[in-house]
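Thanks for making the time this morning.

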Amino acid sequence: MPIGPARMPLMDHLGELRMRIVRILVTLVVCILVFYAAAPTIGQFLLLPIKDFLPQDENGMQLFALTPFESFGTRFKIAFWSSVVASSPMILWQLLAFFLPALKPKERRWFIPTFIAAVVLFILGVVFCYAVILKTAIQWLVEQSQGLGDVIPQMSAYIDIIIKFEIGFGIAFQLPLIVFYLVVFGIIPYKKLRGSWRIIYVVLLVFSAIITPDASPVTMILLFIALVLLYEISLLFSRIVLARKIRREKEEERELIGED
């Protein structure tokens with residue numbers, strides 16, 4: 001998609017922003033219409049990791065809606081968030097492309113890698129949540145009802161918590177991108193982040209406790225471990241990039257000295 005020039009009148013910038021917002025909204029509306037029709041299939045797929053904790057009938061897993069409006073609301077929620085996830089690459093591209101002209105030429109070369117990394121990390125977070133977290137989290141929550149009563153599998157409640165998990169983990173997995181740019185752009189020195197690892201780990205633990213919708217210690221610890229690994233990988237990658245940058249700057253200095 002085309003990217004606007006760096007210097008434009010204010011009204012042109014606002015016109016470009018409006019154009020990109022319209023593209024995002026049109027894409028979302030089209031996706032919602034498609035995914036609304038496919039919502040039952042998507043819902044069954046979302047419930048697969050926790051099927052052992054749901055009642056079964058001849059048609060598969062059973063969920064209960066207390067009102068007709070709840071059925072519509074749940075179906076629309078599935079369609080909306082499925083559309084957001086499916087169109088997230090296009091949404092992210094439009095947002096980054098709008099701000100790209102404000103970046104310096106050296107900074108622009110990070111545009112495509114940033115776009116790809118953000119999409120890949122979000123998908124990794126969603127897949128990790130679906131494959132590892134959901135079953136463990138729901139199992140822990142259901143077990144808390146033992147001795148108190150039975151858990152009624154309400155449609156809106158189960159779908160809502162699954163969507164919150166998926167979106168939350170997708171966002172949390174953006175951590176390496178944030179850490180990488182903080183280091184590479186010199187906002188926070190690498191040595192400071194490396195030396196303050198104890199504080200960073202505590203912050204990640206608190207963040208894991210906040211972002212997990214179920215307040216389960218099991219879910220929190222699993223997310224914390226994943227974030228620590230991502231944090232360490234991002235620091236390692238930042239160190240490699242910085243080493244190349246320092247080496248290149250030294251070579252440029254030698255060439256300038258040689259010319260003098």
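Since I will be referring to helices by number, let me say that a helix here is a DSSP run of H or I that is at least four residues long, and that the numbering starts from the N terminus. Please also keep in mind that what you are looking at is a predicted model.

Let me begin with the salt bridges. Side chains of opposite charge can pair when their charged atoms come close. The cut-off applied here is a side-chain nitrogen of Lys or Arg within 4 Å of a carboxyl oxygen of Asp or Glu, and by this rule the count comes to three salt bridges.

Which residues are linked in a network of salt bridges? They are Lys77, Asp160 and Lys164, and I will take the contacts of Asp160 in turn. With Lys164, Asp160 forms a salt bridge in which the closest N and O atoms are 3.2 Å apart; both of these residues lie in helix 7, four residues apart, which is about one turn of the helix. With Lys77, the side chain of Asp160 meets in a salt bridge at 3.0 Å, N to O. Here Asp160 sits in helix 7, residues 155–172, while Lys77 sits in helix 3, residues 68–86, so this pair ties together parts that are 83 residues apart in sequence.

The remaining pair to describe is Arg194 with Glu232, whose side chains meet in a salt bridge at 2.8 Å, N to O.

Which residues make the nonpolar surface patch of about 330 Å²? The patch is made by Leu14, Leu17, Ile21 and Leu25. Of these, Leu25 has its place in helix 1, residues 10–37, and at 47% relative accessibility Leu25 counts as partly exposed, because the term covers values between 20% and 50%.

Definitions and conventions: Residues are numbered from 1 along each chain as its sequence is written. This is a predicted model: local features need pLDDT of at least 70, side-chain atom pairs count only at pLDDT 80 or more; totals for chains, interfaces and linings use all residues. Side-chain values use heavy atoms; hydrogens and water are left out. Patches are made of residues with over 30% relative accessible area and no salt bridge: like charges are joined within 9 Å, nonpolar side chains (Val, Leu, Ile, Met, Phe, Trp, Tyr) within 5 Å. Accessible areas come from the Shrake-Rupley method with a 1.4 Å probe; for residues, only the protein chains shown count as cover. Helices (H or I, at least four residues) and strands (E, at least two) are DSSP runs, numbered from the N terminus. Buried means under 20% relative accessible area, exposed over 50%, partly exposed in between (1.4 Å probe, protein chains only).
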